[in-house]
Amino acid sequence: MDEKIINLPGGISLEKLKGESYLVRGHVDNGKYGDPWKWVQTLSINGTAVEIKGLCVSCGAKFTMQDHINLAEHLRSKGIERGLYERIKNGKICRYELK
């Protein structure tokens, strides 16, 4: 992905940071880059895999299944075959892989 800013359907924007790392935002009211956001996370691409970290959700907002679908469709269109992410469950870090 060569573009500095990418706006996706459903109010998601990707801002290229360095190399193949991006700041991903979910915007309020299906907005675009520069609009207020409801969640943010980092995304790093390594070959055909992506690692997603640091999901931060603003008060009262959610990272929805539709957000996941919109982001996943874009990543698949760029050749990404699997994704890795971490969540804390019961005080422990759990790693997940999506294919």
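Q: What makes E1 and E2 a hairpin, and which residue in the turn has a positive phi?
A: In this predicted model, three residues lie between E1 and E2, which together form a hairpin. Gly10 in the turn has a positive phi of about 85°.

Q: Why are strand E1 and E2 said to pair, and in which sense?
A: Two strands pair if there are at least two bridges between them. Strand E1 (residues 5–8) and E2 have four bridges, so they count as paired, and the sense is antiparallel. Within this pair, Ile5 stands opposite Glu15 of E2.

Q: How do you know that E2 and strand E3 pair?
A: The requirement is at least two bridges. E2 and strand E3 (residues 21–27) have five bridges, and they therefore count as paired, in the antiparallel sense. Glu15 has Leu23 as its bridge partner in E3. The hairpin of E2 and E3 has four residues between the strands, and Gly19 takes a positive phi near 60° there.

Q: Why is Lys16 called buried?
A: Buried means under 20% relative accessible area. The relative accessible area of Lys16 is 16%, so Lys16 is buried. Lys16 lies in strand E2, which covers residues 12–16.

Q: What makes the approach of Gly19 to Lys16 a polar contact?
A: The pair of N or O atoms must be within 3.5 Å. The backbone oxygen of Gly19 lies 3.4 Å from a polar atom of the side chain of Lys16, and this distance therefore falls within the cut-off.

Q: Why is E2 described as largely enclosed by the rest of the structure?
A: Five of the five residues of E2 are buried, so the strand is largely enclosed by the rest of the structure.

Q: Which residues of E2 point one way and which the other way?
A: Ile12, Leu14 and Lys16 point one way from E2, whereas Ser13 and Glu15 point the other way, and all are buried. In a regular strand the side chains alternate between the two faces of the sheet.

Q: How much space lies in the largest pocket, and which residues are closest to its centre?
A: About 330 Å³ of space lies in the largest pocket. The pocket is lined by 17 residues, and the closest to its centre are Ile52, His68, Ala72, Gly83 and Leu98. Strand E5 (49–57), helix H1 (65–77) and strand E6 (82–89) are the elements that give two or more residues to the lining. The largest share, five residues, comes from H1.

Q: What classes of residue make up the lining of the largest pocket?
A: By class, the lining has nine nonpolar, three polar and five charged residues.

Notes:
Residues numbered from 1 in each chain as written. Predicted model: local features only at pLDDT ≥ 70, side-chain atom pairs only at ≥ 80, totals over all residues. Heavy atoms only, no water. Buried < 20%, exposed > 50% of the residue type's maximum accessible area, 1.4 Å probe, protein only. Polar contact = N/O pair within 3.5 Å; in protein donor to acceptor, adjacent residues only side chain to side chain. 1 Å grid on protein atoms, 1.4 Å probe; cavity = no way out; pocket = protein on both sides within 12 Å on 5 of 7 lines; lining within 4 Å. Points joined across faces, edges and corners; volume = space filled by probe spheres on them. Nonpolar A, V, L, I, M, F, W, Y, C, P; charged D, E, K, R; others polar.
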